[in-house]
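Please look over the structure shown here together with the briefing that follows. The notes are grouped by topic.

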Amino acid sequence: MSTAHLVSSLEGEDRTQPGYTGEEHHELSFIRKYVFSTDHKVIGKQFLFLSLFFLVVGGALAGMMRWQLGFPGQPMPGGGIFPDTMAPGGIILPEFYNSLVTMHGTIMVFFAIMPLLVGVFGNLLIPLQIGAPDMAFPRLNMASFWLAVPAGIVMLAGFLVEGGAAGAGWTSYAPLSTSSEWTGVYLGQQLWVASLIIMGFSSLTGAVNYITTVINMRAPGMTWFRIPLPTWSLFITAILILLAIPILTGGLIMLLFDQTIGTTFFIPAGSGEPLLWQHIFWFFGHPEVYILILPAMGIVSEVLACRARKPIFGYHAMVLAMISIAFLGWIVWGHHMFQSGMNPMLGTTFMISTVVIAVPSAIKTFNWLGTLWRGDIHFDTPMLHALSFVSMFIIGGLSGIFMASAPVDMYIHDTYFIVAHLHYVLFGGSLFGIFAGITFWFPKMFGRMMGEGLGKIHFGLTFIFYNMVFFPMHNLGVQGMMRRIYDPNEYEFLQPLQEMNTFISISVFLLVATQFLFAFNFFWSMFKGRQAPANPWNSNTLEWTVPSPPPHGNFAVMPTVYRGPYEYSSPEVEADFYPQNQPPPQADA
Amino acid sequence: MNQSATAVMDHRHPMPGMQVYNLKLGMWIFLLSEVMFFTSLIGSYIILRFAHPDHWTQPGVVLNVPLTAVNTFLLICSSVTMVKAFACIEQGDQKGLKLWLLGTIMIGATFVGIQAYEYVHLIHEGFVPNFAAYTAEGGNLYGATFYLMTGFHGAHVTIGVLCLIFVLFRAMKGAYTSESYGGVEIIGLYWHFVDLVWIILFTIVYLL
Amino acid sequence: MEAKEHPNQPYILIWVILLVLTLGELGYAFMDLPKIVLAIGLIIMAIWKALLVAIYYMHLRHEPRRMWVLAASPLPLAVILVMAVLTEF
């Protein structure tokens, strides 16, 4: 029984009637339609607003950190609002600085980038791109969002409790994180752990949903190698989430027990093993960083192919490269622990496996370049962001190879060189990929186009300020500036770096200011933007064959897929794009 | 449940992808994440025991092996009653389904009860998870890892019993037929998984 | 579903085998053999019982082979984590 027949027997009514425009027959109340909705597109938008809020919070924390590093010990403008436990007279205290570092990292990783990539694009794109009416388990999908909200609240509650928010780094190494002896943080650290456990459930329910949907609910003709690359990347990411998050949850539970009921899993005094926490955290940690980058790679591949009007270069190679990155991601975690007193033989093994990952990454990079080669490149905003993703990700990837070799990592471990690397892949990579994705699928989400001119200005300024902020960090790192350091001037050899730090801080303030352009463009276009047709970018994938925004239930008629997603400038048709569900010419005649 | 497309999608007929209908595939995928969760707990136990073997004693010295052997026997029986319940609903025998489900619930609850009794007894002996109050033989890691693994397994059994009660409740209202028994099958899969984890836990915690 | 075509599932037989194996484990655990031999024997029996439950009770027997791959996929990761970290101590 083909899926088409199944779907059209949906509620007894035959959905193939022309003029069928979604399921209006049972009008949902506002609450059911927008707040407790089970429609994957609405859930995608809910994740979008939640994670953009946390992106702003994370950015604000970064701004405060940079104030302290750029102008050490001087009162922060507007810092008076903070209580004396955090910033007496606006001067940030060291303990509060630790909380800023920890919460900036945690909020950006778990509450901004992950939901933006997996929550937003997973929910919005997967059903639409594979031709499914909705996710496999819509209510579970709703639960996934409504678990992320309390997790965010519990995380932010850390700032309000006595002792302040968590202060042991986003990696929360034991025994620093298991007692308040060094960080002065007691309840805040436990709230941090509890929040990540809840967020873990949110990610897990999402992952189960995505995997089942992609495996079982593809439209007829949508074979595995006709799935567009964003959905492929989100499918592989969902598998990484499914297998990595439970490991973190187990570790977090042990950490919580160490903090509360006095067990000593990770506390050396009670013959516990701190290295055990590091291994568990990073066994989750490295698949996590691939969770943060793979969806952006998928999004950028789609935007590059579409805006260069050329098929993606080596589609099968791209898919297999993503699969091999996912596999290799599991056997490299030790490169985060070269300095941890880990067994040197293990260190060498991890060095080799880490360098091997450069191969699939290079394949993807050259395929992106191959896609652009002799392409008819339209330099609109999504394409600009996608192009900057490619170039920034190359810098980030190459600087990663520095630290992959243990001897080099001996010098640059936990310095600002690492901070530069991770921001080049996370901000330069994932965030530019997210900007590309938001501007590209904005018409599909809201039915209106984002402003092109404003988009280009925002891109240009962001690109410049972004590089002004993070490129000098390579120099700081090589000159020995430690990571998470409150005031570098305490050390003689770091004092000459103060001007560079001040330069970076000023660039950060300009960068943060530029983001208001994006915010304005985003909210203004939502209501006042140019009305968007169904297929504004002349793309091939199925989401562009339904009206923007698509009705509940997505496809009036279950689409049949005839070809891959990247048949741009195909000789078979005169138009320079060839949608997946358009029957082949001879079928028309 | 609103009549969205998924009402059809978890229809019993296998789908093109994995030839397994959504609900069952979803449960199998969820069980993979549970395997990884218990991997992190059991893995930590193995690593800590390897690092500090002196914390552990010979089998049967601190822990009551005969009692837990009976408990293992009970959980295996509950797997049989569960699979019998599933066999009944496949043939459309709703009465058989309700009886066997009730049997599974009773045995499952007994298992949790026996484990609770065992916990109380062990705590009286000073076998506790925290470092300060540990006075039994061996070291505190023995207690910490024991309660971590068996505690979370017990929690999973308890959740399983509650879900079984919910499935029984729906079975009472005739929700399951020989055409649509997705709910029974997935609670069966979950229950067998929990039994499988206990089989491994019983060996490595009590007998090693 | 496909289970309908095999109504007479060997449930009771598997149950008996599981009980026998459990009693076997109990007896085996208290023999005075070197620790390593005991450990390997017990682990083999445990895995054997676990496979019986998975294949017969969880109906993996009737599922397409792809489900076997899916069911076994997290195991290599578990082995990698434990083996790599064990080299530390």
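Is D39(A) buried or exposed? D39(A) is buried, with a relative accessible area of 7%, where buried stands for under 20% relative accessible area, exposed for over 50% and partly exposed for what lies in between, with a 1.4 Å probe and protein chains only. This is a predicted model, in which local features need pLDDT of at least 70 and side-chain atom pairs count only at pLDDT 80 or more, while totals for chains, interfaces and linings use all residues. Residues are numbered from 1 along each chain as its sequence is written, chains are lettered from A and ligands numbered from 1 in the order in which they are written, and side-chain values use heavy atoms, with hydrogens and water left out.

**Salt bridges**

- Over all chains the count comes to eight salt bridges, each defined as a side-chain nitrogen of Lys or Arg within 4 Å of a carboxyl oxygen of Asp or Glu.
- In chain A, D39(A) pairs with K41(A) in a salt bridge at 3.1 Å, N to O, and K41(A) is buried too, its relative accessible area being 6%.
- In chain B, the closest N and O atoms of the salt bridge between K24(B) and E185(B) are 2.9 Å apart.
- This pair links distant parts of the chain, since K24(B) belongs to helix α2 (residues 22-51) of chain B and E185(B) to helix α6 (residues 182-207) of chain B, 161 residues apart; helices here are DSSP runs of H or I with at least four residues, and strands are runs of E with at least two, numbered from the N terminus.
- K24(B) counts as buried at 2% relative accessibility, and E185(B) is buried at 6%.
- In chain C, the side chains of E25(C) and K49(C) form a salt bridge (3.0 Å, N to O).
- Because E25(C) lies in helix α1 (residues 11-29) of chain C and K49(C) in helix α2 (residues 35-57) of chain C, the pair ties together parts that are 24 residues apart in sequence.
- E25(C) is buried at 0% relative accessibility, and K49(C) is buried at 0% as well.

**Contact between chains B and C**

- Chain C contributes 43 residues to the contact and chain B 51 residues, contact meaning heavy atoms within 4.5 Å.
- About 4200 Å² is buried between chain C and chain B, 79% of it on carbon and sulfur atoms; buried area is the accessible area (1.4 Å probe) that two parts lose on being put together, summed over both.
- One salt bridge is counted between chain C and chain B, and K24(B) forms a salt bridge with E63(C) in which the closest N and O atoms are 2.5 Å apart.
- A network of salt bridges links K24(B), E185(B) and E63(C).

**A buried isoleucine in chain A**

- I247(A), placed in helix α8 (residues 229-260) of chain A, counts as buried at 0% relative accessibility.
- Leaving aside residues up to four places away in sequence, I247(A) touches I280(A), F283(A), M36(B), T39(B), S40(B) and L81(C).
- The C-alpha atoms of I247(A) and F283(A) are separated by 7.7 Å, with the two residues 36 apart along the chain.

**Cysteines**

- The count comes to zero disulfides over all chains, a disulfide being a pair of cysteine sulfur atoms within 2.5 Å.
- C77(B) is in no disulfide, and the nearest cysteine sulfur, that of C88(B), is 17 Å away.
- C77(B) counts as buried at 14% relative accessibility, and C306(A) is buried with a relative accessible area of 0%.
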